[in-house]
Amino acid sequence: QVQLVESGGGLVQAGGSLRLSCAASGLAFSRYGMGWFRQVPGKEREFVADISRSGSSTSYTDSVKGRFTISRDNAKNTVYLQMNSLKPEDTAVYYCAADYRLNVAQSKVVVNPNEYDYWGQGTQVTVSS
């Protein structure tokens with residue numbers, strides 16, 4: 001059974017930092033591209049970042065470029081999202097997702113969340129002003 005478990009969310013002041021983690025089990029982690037999405041009530045799930053199977057390529061939505069960094073440790077089956085210079089508009093539930101890929105170096109900006117095969121339950125990030 002595939003499980004993706006996010007952690008590291010919480011309450012932080014604007015300008016602060018958080019590091020999210022997503023631990024994967026039940027799948028061949030290195031065969032999956034990994035992504036982070038976020039969602040606020042009443043809105044669609046929004047792409048945040050993606051990383052290739054090897055970790056050599058990354059993609060970001062424009063609003064987080066220069067502030068967020070996605071990384072992965074294939075030995076630990078874990079993907080991370082380092083979030084710096086947080087803003088109140090970053091407040092959301094953050095989800096990690098796994099996408100089976102043949103290309104080890106492929107990373108992409110994803111419009112349709114349905115492209116991902118597996119999802120975690122999410123972790124709340126709240127940024128106060």
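This is a predicted model: local features need pLDDT of at least 70, side-chain atom pairs count only at pLDDT 80 or more; totals for chains, interfaces and linings use all residues.
Local features need pLDDT of at least 70 and side-chain atom pairs pLDDT 80 or more, while totals for chains, interfaces and linings use all residues. Residues are numbered from 1 along each chain as its sequence is written, and side-chain values use heavy atoms, with hydrogens and water left out.

Start with the sheet. Strands are DSSP runs of E, at least two residues long, numbered from the N terminus; two of them pair if DSSP finds at least two bridges between them. Strand 3 (residues 18-25) and strand 8 (residues 78-83) run antiparallel and are joined by 6 bridges. Arg-19 has Gln-82 in strand 8 as its bridge partner. Arg-19 also lies over the face of Tyr-80, 4.0 Å from the ring centre. For such a contact, NZ of Lys or CZ of Arg must be within 6 Å of the ring centre and within 35 degrees of the ring normal.

Thr-78 belongs to strand 8. It is buried at 9% relative accessibility. Buried means under 20% relative accessible area, exposed over 50%, and partly exposed in between, with a 1.4 Å probe and protein chains only. A polar atom of the Thr-78 side chain lies 2.8 Å from the backbone oxygen of Lys-76. Next in view is Asn-77, in the loop between strand 7 and strand 8. Its phi is near 55°, a positive value in a residue other than glycine. Asn-77 is partly exposed at 25%. Ser-85, in the loop between strand 8 and strand 9 (92-100), also has a positive phi, near 50°.

Now the rings. The structure holds 6 aromatic pairs. Rings of Phe, Tyr and Trp (its six-membered ring) pair if their centres lie within 6.5 Å; planes under 30 degrees apart are stacked, over 60 edge-to-face, the rest tilted. Tyr-32 and Tyr-100 are edge-to-face, 5.5 Å centre to centre with 75° between the planes. Tyr-32 lies in strand 4 (residues 32-39) and Tyr-100 in strand 9, so the pair ties together parts 68 residues apart in sequence. Tyr-32 is buried at 10%; Tyr-100 is partly exposed at 41%.

Finally, Phe-37, Phe-47, Tyr-116 and Trp-119 form one aromatic cluster. Within it, Phe-37 is buried at 0% and Tyr-116 at 4%.

Terms used. Helices (H or I, at least four residues) and strands (E, at least two) are DSSP runs, numbered from the N terminus. A polar contact is a pair of N or O atoms within 3.5 Å; within protein, one must be able to donate a hydrogen and the other to accept it, and residues adjacent in sequence count only if both atoms are side-chain atoms.
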